[in-house]
Amino acid sequence: MAKGKVTAYFCKECGYESAKWMGQCPGCREWNTFVEELVSKDKKSKSSLHTDKKPSLLSQIPTEDEERTSTGFEELDRVLGGGIVKGSLILIGGDPGIGKSTLLLQVCKRISDKSKKVLYISGEESLRQIKIRADRIGSFNEHTRLFCETNLELIEEVLKNDHPDIAVIDSIQTIYNPDVASAPGSVSQVRESTNILMQIAKTENISIFVVGHVTKEGVVAGPRVLEHMVDTVLYFEGDRHASYRILRGVKNRFGSTNEIGVFEMKQDGLNEVKNPSEYMLSGRPENASGSVVACSIEGTRPILAEIQALVCKTNFGLPRRTAAGTDYNRVNLLMAVLEKRLGFKLGEYDAYVNVAGGIKINEPALDLGIVMAIISSYRDIPVDEKTIVFGEIGLSGEVRAVSMAERRASEALKLGFNRCIMPAVSKDALEQDMQGIELIGIKNIKDILKYL
């Protein structure tokens, strides 16, 4: 072995370092996650992000609003908390072909149109490949520059010399640090490269977007410490063969989490969908049993979604259960509540539940909509198409309160619904009845039957 090189084992999930291989990681308690890598004993010392060498009084630290730059997309600005904060490090993950590079290239174009310097660094594509994709988006001005490189030292030099306002690294798994002996994309390389990029962003006041590949489980590949190091983590979700994409914020130091932005993939790139409820309810069948409109809150935004259920007699001894767009185990739990509290013999029926539109929603407020859709299909009785429902259901059949009831009802009223079935507790909490929509409060799932 070369001088100055030693072997160490790293956990792929959390980055825990060990001198020997272990079956279970002591840090994150995951099994079979340790990989062997060569590391250098003679590491260069890294500069500190902080210049102050003594503690500061919290009461004397000045506070001011962060300087933000608009991306040109209202949907993306909402997910980021109002725009790009100067000097922030943003991680974007998503499946291959979902549109991460296309979205960032469009952001570069719109920011450069405001006379801000943009540097797009690619380790996966050539300049010609990027140019072909850029021509589909539109014409770029002289403020956008491209650089194809995977050596982190050269990238660091270019960033410090050019000093752009916005930089894009596509992707972090292709970047390698010569000081680290392991291969690009390994735990050590991803962690060390991200650490240097974070120092550049903070010391040079450059906003950096980092693209990260995802694993088959849908999380960013590499050490889990990667998500802890960056300021914001965004996930691009959706079926690559469908036209709609969901951009979801799961971590944001400068805004609220769990915000979502909806985009539609077209020939000239991604277009934002400013009213996702309207498109998700388009094409809804009329007078069809098993179809109910429910309201979910994603961050601060209410989204109306159609819950579809199909209940039919099973041909096998074991009934089949399928859930698309919502939690499979939650559907089984709600069907068990219906069997116990209402006496429905659902053990003899197959059940299929789907959230139309291709979006995934796991909020408990969908419980009432799922239950009403199952009952509607089981009895083959359609639900009034101008009715919206929301509420959480407990194991004893009680309907529990949910947050932002007034905002959900207001969104329903805006889209033309005239009746809202909600938990009685949430209705009582409203200061006054809303004009133009009938508010109905229920305490138990037994009260649902009278509204079918």
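Guide: Buried residues make up 49% of the 452 residues in the protein chain, where buried means under 20% relative accessible area, exposed over 50% and partly exposed in between, with a 1.4 Å probe and protein chains only. This is a predicted model, in which local features need pLDDT of at least 70, side-chain atom pairs count only at pLDDT 80 or more, and totals for chains, interfaces and linings use all residues. Residues are numbered from 1 along each chain as its sequence is written, and side-chain values use heavy atoms, with hydrogens and water left out.

Visitor: Why is Glu-259 called buried?
Guide: Its relative accessible area is 2%, and the limit for buried is under 20%, so Glu-259 counts as buried. Glu-259 is found in the loop between β12 (244–252) and β13, and, leaving aside neighbours within four places in sequence, its contacts (heavy atoms within 4.5 Å) include Arg-78, Val-79, Glu-298 and Arg-301.

Visitor: What makes β17 and β18 a pair of strands?
Guide: Helices (H or I, at least four residues) and strands (E, at least two) are DSSP runs, numbered from the N terminus, and two strands pair if DSSP finds at least two bridges between them. Strand β17 (residues 321–324) and strand β18 (residues 349–355) have four bridges in the parallel sense, so they meet the condition for pairing. Within this pair, Thr-322 has Tyr-352 of β18 as its bridge partner.

Visitor: Which strands make up the open sheet, and what makes β17 and β23 its edges?
Guide: The sheet has seven strands in the order β17-β18-β16-β15-β19-β22-β23, with mixed pairing. β17 and β23 each have a single partner strand, so one side of each is left without a neighbour in the sheet. From one strand to the next, the twist averages 25°, where axes are lines fitted to C-alpha atoms, for helices over the stretch in contact, and angles run from 0 to 180 degrees between N-to-C directions.

Visitor: How do you know that α9 packs on the sheet?
Guide: Helix α9 touches β15, β16, β18, β19 (387–389), β22 and β23, and its direction makes about 30° with that of β16. Helix α10 (residues 405–414), in turn, lies across β15, β16, β19, β22 and β23, running at about 80° to β16.

Visitor: What makes a group of residues a nonpolar core?
Guide: The term stands for a set of buried Ala, Val, Leu, Ile, Met, Phe, Trp, Tyr and Cys residues joined through side-chain atoms within 4.5 Å. The largest such core here has 44 residues, of which Ile-307, Leu-338, Ile-359, Leu-368, Ile-374 and Ile-445 touch the most other members. Its largest share, seven residues, comes from α9. Apart from this core lies another, of 28 residues, among them Ile-98, Leu-103, Leu-105 and Ile-111. In soluble globular proteins, nonpolar side chains tend to be buried together.
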